[in-house]
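Here's a quick tour of a two-part protein model for anyone just getting started with structures. Have a look at the picture, then read on.

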Amino acid sequence: MRDESRASGVEEGGNPDWDKLGGLATVSARMQLTSPMIEVHDLTKRYPGRTAVDGISFTIGRGEVVGFLGPNGAGKSTTLRILSSFLPATSGTARVAGFDVFREPDEVRRRIGYMPENNPLHLDMRVREYLKFRARLKGLGWRRSRERVDAVLEQCGLVDVSSRIIGQLSKGYRQRVGLADALVHEPDLIILDEPTIGLDPHQIRSVRALVKELAQRHTVLLSTHILSEVEMTCSRVLILHRGRILAADRTQDLERRLSLDGQVIAEVAAPAAALREVFRDLPEVESVEVQPMDGNYQRLSVQPRNGADVRELVYGEIRAQGWTMRELTRSRHTLEDIFIHLTRGKVRED
Amino acid sequence: MRVFMALVRRELGAYFNSLTGYVVIAAVLLLTGFGLLDLVERIRDQPNDVPVTELFYQTAYFWLVVLLSSPVITMRSFAAEKASGTYEALMTTPVGDWQVVLAKFAGSLGFYLLAWLPLAGTLFALRQITGEAALFEPRVIAATFTGIALVGSLFMSMGCFASALTRSDIIAAMLSFLFGIGLWMLGYRPDASGLLPMWALPVLEHLSMTRHMEDFARGLVVGRHVVFYVSTTWLFLFLTHRVVQTRRWK
């Protein structure tokens, strides 16, 4: 069931030009430039009577956008809290940009833009005032913090509300304030815990668009239990369930890998018995089902053997018989199906 | 230092962004006002040469203000941030635990002193009205305010400690009130009870905040008292820091 080896797939960001760094490059600077953005090894977090995270390992390369997917209580937030060095792990190691999250928390925090679950903000402050305050906490000087606050206000579409009190803003705007806060110190890594939770569809779209934009310049790790979010925004997905990683792969690969049993469905104008007759004995076909539809159309479902793609075969046979066909489709598993299968423990993992 | 100042400014700002700050200031004004009314009547009835600050201190409104205002001022410092989740946002920035503890303490102490400030103005006005400059010696008033600040720092550090222990600001306020009133009662005329063993009396005498403050109100800044307040304040700040740090051991 465990599939952690797949989790790696480390991509080294473009190799730095060592000559340019010259003798000035310290060991830690080298480490930082070559090391992956996040390295987690055998990470475990236990609470009394409960194991929230159970020995997970994964690596995230620079520039990746990775989705952390799992039902509520899967251990997503706990893992993110450990990565942002808010909570210590019970055992195992986690490094961000080459720095240990427990031993070098300040170095880690400087490089992370973290938006915690439910996006907590000081509701009594004004948008600009809050962002400036956060920029100062993150160590930006007076002038620099003003520049950066102006930049993130612009980037997150907050210019019009910059002097409004946060508590009076809509949830969508508050979410943008949270994102602006995560961005204000130009972090290498952005960690977002459920960034679209509780938003209406319009707001979700605008927040997703923002996240996509961030993905061009930053490494992003976001957690969600909404699958379409991962499909839309992430290049890679880690599926977490009961504190373990069930699957980790590129979003498309995961879909492809687990969609192989896709059956083919056709709507054909033909006698039901003849249809069944034609497809039943083919070696590539596992089973055939025919259901009557409107007029003389039949709905034909062909279940392939060993996950073969039988679309061409079905088309060829129907044409050979001279029947009319009005639809041919192969059912694909969406990430949603995969997720349900995985978390039910029913998946036929290779 | 830059981070510390940003934190202190935020702490102070929070009092004025909500109603809490104004309510506390209004309540302190009301109570000191009652105290002063009391005092004016006394001066009128029988002329005396006791400094006016000592007279004010004797009206008992002083302790009412300290005991009631300090839990309200400090209750939100950690508890409210934990409850709303902003604590996590704060602790995932590169700020140190000590910076956070000291900033919360400095913010609440600053606000507490601000709430006492009108008293200085009222004393000045009284001096103008009564024309009895001898009763309003600046040295005595300065000593009184030193006492107010020292008592305040102990109560604020106790309040911060109570607030760090919990996520609920109501519980924080109750705890801090209990600490405050407990410590205050401990030294309140211990010889009167007659139940305590002999050796306990000098210890309690030393702890007695009422005695300490009495000296300050008389215009005496006694080193022993200063050491008492500074050291107990540090003790509670240290405990608060410990509580903040426990997150890392869990």
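Before anything else, a ground rule: two strands count as paired if DSSP finds at least two bridges between them. Helices (H or I, at least four residues) and strands (E, at least two) are DSSP runs, numbered from the N terminus. This is a predicted model, in which local features need pLDDT of at least 70, side-chain atom pairs count only at pLDDT 80 or more, and totals for chains, interfaces and linings use all residues. Residues are numbered from 1 along each chain as its sequence is written, while chains are lettered from A and ligands numbered from 1 in the order in which they are written.

**The open sheet in chain A**

- Four strands of chain A make an open sheet in the order 12-13-11-14, with antiparallel pairing.
- Which strands stand at the edges? Strand 12 (285-292) and strand 14 (324-330) of chain A do, each with a single partner strand, so one side of each has no neighbour in the sheet.
- From one strand to the next, the twist averages 15°.
- Strand 11 (residues 264-269) and strand 13 (residues 297-304) of chain A are antiparallel partners over 6 bridges, and one bridge pairs Val264(A) with Val302(A) in strand 13.
- Strands 12 and 13 of chain A also run antiparallel, joined by 7 bridges, with Glu289(A) opposite Ser301(A) in strand 13.

**What's tucked inside**

- Buried residues make up 42% of the 350 residues in chain A (buried means 20 or more other C-beta atoms within 10 Å of a residue's own, exposed means 12 or fewer, partly exposed is in between, and C-beta atoms are placed from the backbone).
- The largest nonpolar core has 140 residues, and Val96(A), Ala180(A), Leu238(A) and Ile239(A) touch the most other members (such a core is a set of buried Ala, Val, Leu, Ile, Met, Phe, Trp, Tyr and Cys residues joined through C-beta atoms within 7 Å).
- Helix 8 of chain B gives this core its largest share, 14 residues.
- Another core of 12 residues lies apart from it, with Ala266(A) and Leu300(A) among them.
- Over in chain B, helix 5 (residues 76-84) has buried residues including Phe78(B) and Glu81(B), and Gly85(B), with a positive phi near 95°, follows this helix.

**Where the chains meet**

- The contact takes 19 residues from chain B and 19 residues from chain A (two residues are in contact if their C-beta atoms, placed from the backbone, lie within 7 Å).
- On the side of chain B that touches chain A, helix 1 (2-17) and helix 6 (86-91) of chain B each supply at least two residues, and helix 1 of chain B gives the largest share, 6 residues.

**How confident is the predictor?**

- Chain B has a mean pLDDT of 87, and 94% of its residues reach 70 or more (pLDDT is the predictor's confidence in each residue, from 0 to 100).
- For the complex, the predictor gives an ipTM of 0.88 and a pTM of 0.81.

Conventions
Axes fitted to C-alpha atoms, helices over the stretch in contact; angles between N-to-C directions.
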